[in-house]
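Me: Could you walk me through the strands and salt bridges of this protein? I'd like to take it one step at a time.

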Amino acid sequence: MHINYIIAEDEPLAIERINNYARKLPFLHQLAAFENSMEALFYLQNNKPDLIFLDINMGELSGIQLLEAARPVAQVIITSAYDEYALKGFDLHVTDYLLKPFSFERFVQAVDRVKTNLAKSDTALERGFIFIKTANRLEKVVLADILYIEGMRDYRKIHTVSKKIMTLQTFSDLETELPRSIICRVHKSYMVAVNKIESIEKDIIKIRDVCIPVSETYKNYFFQLIGQRKK
C-alpha cells in the first residue's frame, strides 16, 4: 500500500520530525508541507491526499477549524502538545491523536491505524460489498444497491434498492468501511450513494422521492467530489 501524505504544521522542527519518521516507512510519500493553515485549506480544496498530519495551534486558522472547513476525505492524525482538543478531534473522526513529543513507536501505531482504515475501504471497493452488523446477524450489502443511509437516534437505516437494514454501527464506523468516493457523508444524519442522486437543488439532494439536505459541514467535500464548485 502506498500512502500519500501532507503536513499542516507551523513548527519547522515538528515537520522535520514527522518526515524523519516517515522516511523509515517506505510506503509513506510526502506530497506537501504547510506552515500556513490557509494554504493547507486551499490545497485540500483542490487535492485529495490519503493522510494529513495536522497541528492544532496554527495561528490564523486552527487545525480543528481547518478540519471543519475542509472536511477532507483523508485520514487525519493530529499532532499537538495539548490534549484538551482530543475529544473534539475524535468528534471530527480523526484517526489518531499524537501528543508531542511522540516516539517513533507511537508514530508507527498511528500510521498502522491509517493503513487498516484505508485497507477496509479498498477491500470493499474491490469486492463490491460489505457486511453490516444487524441485531441477529451479519448481512451482506452490495455497494451498488445502496441508495442512502439515514441516522435514526441510536440506529442507522441503510436504504437499498430492495430492502432497508437497521444497524447500531455508527456513521464513523460506516465511513471507515465504505469507499467515500461512492458513499458520501453529506449531513450529520445522512450518507448518500453518489450515483443514485437524481438532482441537486439549493443544497437539497433528491434520491427517488426522498429529499436529503447537504449541510455546511460537508458541503465543500461533497461538491468537490461531484466535480462542482459551490459558490
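Reply: Happy to! Let's start with a rule: two strands pair if DSSP finds at least two bridges between them. Strands (E, at least two residues) and helices (H or I, at least four) are DSSP runs, numbered from the N terminus. This is a predicted model, where local features need pLDDT of at least 70, side-chain atom pairs count only at pLDDT 80 or more, and totals for chains, interfaces and linings use all residues. Residues are numbered from 1 along each chain as its sequence is written, and side-chain values use heavy atoms, leaving out hydrogens and water.

Me: Over how many bridges do E3 and E4 pair?

Reply: Strand E3 covers residues 51–55. E3 and E4 run in the parallel sense, and the number of bridges between them is 5.

Me: Which residue of E4 is the bridge partner of Phe53?

Reply: The chain gets from E3 to E4 through helix H3 (residues 63–70), in a right-handed β-α-β crossover. Right-handed means that, with the strands pointing away from the viewer, the path from the first strand over the helix to the second runs clockwise. Within E4, Phe53 has as its bridge partner Ile77.

Me: How many residues of E4 are buried?

Reply: Buried means under 20% relative accessible area, exposed over 50%, and partly exposed in between (1.4 Å probe, protein chains only). Gln75, Ile77 and Thr79 point one way from E4, Val76, Ile78 and Ser80 point the other way, and all are buried. For the strand at residues 75–80, that gives 6 of 6.

Me: Which residue in E5 is the bridge partner of Thr79?

Reply: E4 also pairs with strand E5 (residues 96–99), in the parallel sense over 4 bridges. In E5, the partner of Thr79 is Leu98.

Me: How far apart in sequence are the parts that Lys100 and Asp55 tie together?

Reply: A salt bridge is a side-chain nitrogen of Lys or Arg within 4 Å of a carboxyl oxygen of Asp or Glu. Lys100 and Asp55 meet in one, at 3.5 Å from N to O. Because Lys100 lies in the loop between E5 and helix H5 (104–127) and Asp55 in strand E3, the pair ties together parts separated in sequence by 45 residues.
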